[in-house]
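Here is a short report on the strands, helices and selected residues of one protein model. Look at the structure first, then read on.

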Amino acid sequence: MGKLSVNLCGIELKNPVIPASGTFGFGYEFAEIYDINRLGSISIKGTTKDPRFGNPTPRIAECPSGLLNSVGLQNPGVERVINEELPKLRKCFHGYIMANVSGFSLEDYVYTCEKFNDVPDIGWIELNISCPNVHGGGMSFGTSPKDAAEVTRAVKKSTSKPVIVKLTPNVTNITEIAKAVEDAGADGVSLINTLLGMRIDLRTRKPVLYNRTGGLSGPAVFPVALRMVYDVSHAVNIPVVGMGGISSAEDVIEMMLAGATAVEVGAANLVDPEACNKIIDDLPKVMEKYNISSLAELRRI
């Protein structure tokens, strides 16, 4: 059997499969379906300093080979996440957890990261500067190399955890942003977040989503994500976590060949709650098929 383990920013994972933030709740919800300790890690629901109700409905729309969402970072706020949600997760998951942090100002990001810094089970901070579904903050930090570097630098001063900056694809040159956050001290980058899109209801002749636009995820974005992971992994010297439309073990291998150290699986969890579990089951068979003895030894093309 091929070796599945990988090392992400100094932390050993039993395999590279991580459910993506926003598609797996706080993790414990899925423990009723399968043993989530099989996962490499879990990127928990995006967390902000203060509670957020999120955007008005409708905020989900189906697309061919994908899904539009405009949820808007609904979460109970960092205090309740640490005091209520994480204890529930610890009862059924014993690995390191990835905290996904969003904000609307530098102060918001720093405050939330400082709170997570005191939680032993948090292995990494995934700094979300790429959410397209909020006004102010979010993606506004991630579309400018200067602003992306500034928030990265501020957060690095506030935490001793490895900081993985989540990048937006909604830019002209994603490698420019990746190099800026690397220079500012990022320990890794994750990409891609969702692509901006919209749908129109032919009966009402109005946008399907209340917010008009939303983030497109699912298999439709995989080739775009793969290209961007390839470009970024050849431009920086820090680990890349690849995501965007991954739904099979073959997709995982392809993403790792493009340069990813680990992967996050997003929309597939909404289609099949056992998606990550099945991918982990299939990885050894796919590795054998393509004569891969160790995922950690895969080299980008």
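## The parallel sheet

Strand β15 (residues 240-243) runs parallel to β16, and three bridges join the two. Within this pair, V241 has A262 of β16 as its bridge partner. From β15 the chain crosses through helix α7 (residues 249-257) to β16, in a right-handed β-α-β crossover.

The model is predicted; local features need pLDDT of at least 70, side-chain atom pairs count only at pLDDT 80 or more, and totals for chains, interfaces and linings use all residues. Residues are numbered from 1 along each chain as its sequence is written, and side-chain values use heavy atoms, with hydrogens and water left out.

Some terms come next. Helices (H or I, at least four residues) and strands (E, at least two) are DSSP runs, numbered from the N terminus. Two strands pair if DSSP finds at least two bridges between them. Strands of a sheet pair through backbone hydrogen bonds, either parallel or antiparallel.

What is the order of the strands in the open sheet of eight? The order is β3-β16-β15-β10-β9-β8-β7-β4, and the pairing is parallel. β3 (17-19) and β4 (42-43) stand at the edges with a single partner strand each, so one side of each is left without a neighbour in the sheet.

Three bridges pair β3 with β16 in the parallel sense. P19 stands opposite V265 in β16. Helix α9 (residues 275-289) packs on the sheet and touches β3 and β16 (262-265). The direction of α9 makes about 175° with that of β3. Such angles run from 0 to 180 degrees between N-to-C directions, and the axes are lines fitted to C-alpha atoms, for helices over the stretch in contact.

Strand β7 (residues 97-101) runs parallel to β4, and two bridges join them. S43 has M98 in β7 as its bridge partner.

How are the two faces of β16 covered? A262 and E264 are buried on one side, and V263 and V265 are buried on the other. Buried means under 20% relative accessible area, exposed means over 50%, and partly exposed lies in between (1.4 Å probe, protein chains only). In a regular strand the side chains alternate between the two faces of the sheet.

## The antiparallel sheet

Another open sheet has four strands, in the order β5-β6-β14-β11, with antiparallel pairing. Its edge strands are β5 (60-63) and β11 (195-197), and each pairs on one side only. From one strand to the next, the twist averages 35°. Strand β6 (residues 66-69) pairs with strand β14 (residues 214-217) over three bridges, in the antiparallel sense. There L68 stands opposite L216 in β14.

## Selected residues

Is N277 buried or exposed? N277 counts as buried because its relative accessible area is 8%. N277 has its place in helix α9. Leaving aside neighbours within four places in sequence, N277 is in contact (heavy atoms within 4.5 Å) with Y34 and R38.

S248 sits in the loop between β15 and α7. With a relative accessible area of 18%, S248 is buried. A polar atom of the S248 side chain lies 3.1 Å from the backbone nitrogen of D251.

Two residues have a positive phi without being glycine. They are L73 and R205.

The bond from T57 to P58 is cis, with omega near 0°. P58 lies in the loop between β4 and β5. L191 and I192 are also joined by a cis peptide bond, with omega about 10°. I192 is placed in the loop between β10 (188-191) and β11.

Note on methods:
A crossover is right-handed if, with the strands pointing away from the viewer, the path from the first strand over the helix to the second runs clockwise. A polar contact is a pair of N or O atoms within 3.5 Å; within protein, one must be able to donate a hydrogen and the other to accept it, and residues adjacent in sequence count only if both atoms are side-chain atoms.
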